Amino acid sequence: MKKVTRSVLLAMLLSQQVTAQDFCFDEMNYSAEQTTFRLFAPADAKKVVVRIYKEGEGGRPLKTVQMKLAADAVWSTTVAGNLGGRFYTFDMGHGETPGVFAKAVGVNGRRGAILKEPVMTGDWDRKRPVIKSPADLVVYELHHRDFSIARQDAKYPGKYLALTEPWAIRHLQELGVNAVHILPSYDYGSVDETRLDQPQYNWGYDPVNYNVPEGSYSTDPRDPACRIREFKQMVQALHKAGIAVILDVVYNHTYDIEHSNFQRTYPDYYYRKTTNGSQSVYSNGSGCGNETASEKPMMRRFMIESVKYWAKEFHIDGFRFDLMGVHDIVTMNEIRKALDEIDPTIFIYGEGWSAGACALPSERLGMKANIPQMPGIAAFSDDIRDALRGPFSDDTKCGWLGGSYGNKETESLKAGIAGMIEHPQIDYSKVNYSKVPYALEPTQMMSYVSCHDDMCLVDRLRASIPGITEEELIRLDLLAQTAVFTSQGVPFMLSGEELLRSKKGVHNSYESPDSINQLDWQNKLRYPQVFKYYQGLISLRRQHPAFRLGNADLVRKHLEFLDAPEGVVAYRLKNYAGRDGWRNIYVVLNSTRQEQQIAVPKAAYTVMCANGVIELRTRGLERFTGDKVTVAPQSALIMHDSQSNLAIYD
Ligand code: CA
């Protein structure tokens, strides 16, 4: 690092004039002869020590070594002897911590681990699945435990390794998804890794060690190498199957302030503060009691280094930023740039909102409305989600699926279908949340109707449509996903929706037992038509570039909405959109309880999807010649007028 005086450096750092490139966080460099430790901590700390332990928890330190101020805000020491297999903590007066950048830890992540040798470096395939455009992604969001805990033939239920098992890979491949988005899988705090014999459940939005895999998903959290190895084996197995791995990252807050590694190494540096009257208080834009300060050089650098580490060390293919609206725009763009240097196909998306008022003005934050300032970064579209299922604020209110046909629902659905871009046929003043098109490109929109948050689709349909029958439930479920998967945005689904998943009406299942959260694999046999339809939808999208044009101009050129009665949204993708093999593709979504008819140009049509059935073989479900088409109640119809296909069979 450059030699500047302590006061100058700290002033620069705190006034955010430096990019922090020359700083290091905590480091542990092991050799058989000696181990060097470094820590980023205030230069005026009274005393900074590193403690060496035999075990990852409990016991007295084998050694306590004082660290010296080596440079401004960097404390350092070298301990002689072979410390391989030992554990360590730093302590600068605010409690013990493995530091903010530990790469291996003991059980529950309380102590850093000194590994004698690196785990699976260089000896596994580095190839990422080839996904040319984010428009080609089909994202499947899963929680390790939900996915595999109730699977009878799972060898490693609830573990990373479940995703290496043939049944799991087969299911994902059969369904056709090409990206798995895993809920928080860094080391988090709410599951006690020493009590894994007892059922415990949490989503994991309570980060402890950002750069280490969570221990409870490994087969042995006490062995620091185990979680790293098994995580890598999971990525390797998914990559071999052509499936990308996207990590849910939660840099916007920590579980609490007092015990956080940030606070215990550099008190108050990493968090935003605000004023309450004359008092300075921690800002709470995350709704979890605090918010990190991405605009500060070292917090910004921490996020950049952390995603780079996951991308390089664990071959992660994408990042989903929790409450991206808490982070500043500059940081998000710097992260995009850093990942571009590794591999520009690494995908970034996030929640374009915060969960409370932040200590930075919203114009500076990674909000959905600011997506135009963040090229190459996508945001979830709550517009299409709530248009379909109803508002997030009230589970009992229905959306377009349940017969709410205001301008708001219809226009939001259309905007969602177009990928939230500017389109001559969409009036954004009528869209529910985004009053201007938020996406410059359709790949900046995540298209979805449900995720881990809120009710899953089945529960929401039940809660918002009184007296709904099972038949209707299935029809509307399939209709909803047809809108999602034929949208020009990037399609995203919650794991288990293909099995007609229910969480028994629980709205926020973040710590609910397995009985609520687990996937019921029997449903795959119980509702084969549901799985088959999801499969068909995904296949339709992957086979037909018209549904994933990936470019706003192409969408404006090829996507045309058609006149349709209330409760029906219809559009066509015209003139071999995206060089599709089909000339003009018609998609008609009917959420009413009646049959509906719409006018189409007189031509010979092949119907590929109707009344809850998709048939992608050339013949389709049916062929007809005419100038109108009838759509069954609460269902989607997809057809094309490509003559070449007809010529073969006529
Ligand atoms: Ca943990």
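Guide: What follows is a set of questions about terms and the values behind them.

Guide: This is a predicted model, in which local features need pLDDT of at least 70 and side-chain atom pairs count only at pLDDT 80 or more, while totals for chains, interfaces and linings use all residues. Residues are numbered from 1 along each chain as its sequence is written, and side-chain values use heavy atoms, with hydrogens and water left out.

Visitor: Why can Glu-193 and Glu-214 be said to tie parts together?

Guide: Glu-193 is in the loop between β11 (186-188) and β12 (207-213), and Glu-214 is in the loop between β12 and α4 (224-240), so the pair links parts that are 21 residues apart in sequence. The names of these elements come from DSSP runs, numbered from the N terminus: helices are H or I runs of at least four residues, and strands are E runs of at least two.

Visitor: How do you know whether Glu-193 and Glu-214 are buried or exposed?

Guide: Buried means under 20% relative accessible area, exposed means over 50%, and partly exposed lies in between, with a 1.4 Å probe and protein chains only. Glu-193 has 2% relative accessibility and therefore counts as buried, and Glu-214, at 0%, counts as buried too.

Visitor: Why is helix α10 called largely enclosed?

Guide: Helix α10 (residues 457-464) has 8 residues, and 6 of them are buried, so the rest of the structure largely encloses this helix. The buried residues are Leu-457, Val-458, Asp-459, Arg-460, Leu-461 and Ser-464. Their cover includes α8 (382-389), α11 (470-485) and α14, where covering rests on contact, that is, heavy atoms within 4.5 Å.

Visitor: What makes Arg-460 a buried residue, and which backbone oxygens lie 2.9 Å from a polar atom of its side chain?

Guide: Arg-460, in helix α10, has 2% relative accessibility and therefore counts as buried. A polar atom of the Arg-460 side chain lies 2.9 Å from the backbone oxygen of Asp-394, and the backbone oxygen of Lys-397 also lies 2.9 Å from a polar atom of that side chain. A polar contact is a pair of N or O atoms within 3.5 Å; within protein, one must be able to donate a hydrogen and the other to accept it, and residues adjacent in sequence count only if both atoms are side-chain atoms. Leaving aside residues up to four places away in sequence, Arg-460 touches several residues, among them Arg-389, Pro-391 and Met-455.

Visitor: Why is strand β7 called largely enclosed?

Guide: In strand β7 (residues 87-91), 5 of the 5 residues are buried, so the strand is largely enclosed by the rest of the structure. In a regular strand the side chains alternate between the two faces of the sheet. Phe-87, Thr-89 and Asp-91 point one way from β7, whereas Tyr-88 and Phe-90 point the other way, and all are buried.

Visitor: How do you know which strands pair with β7?

Guide: Two strands pair if DSSP finds at least two bridges between them. Strand β3 (residues 49-53) is joined to β7 by 5 bridges and runs antiparallel to it, with Val-49 having Asp-91 as its bridge partner. Strand β8 (residues 112-113) pairs with β7 over 2 bridges, also in the antiparallel sense, and Gly-112 is the partner of Tyr-88. Both counts therefore meet the requirement of at least two bridges.

Visitor: What makes β1 and β5 edge strands?

Guide: The open sheet of 4 strands has the order β1-β2-β6-β5, with antiparallel pairing. β1 (27-30) and β5 (68-71) each pair on one side only, and this is what is meant by edge strands.
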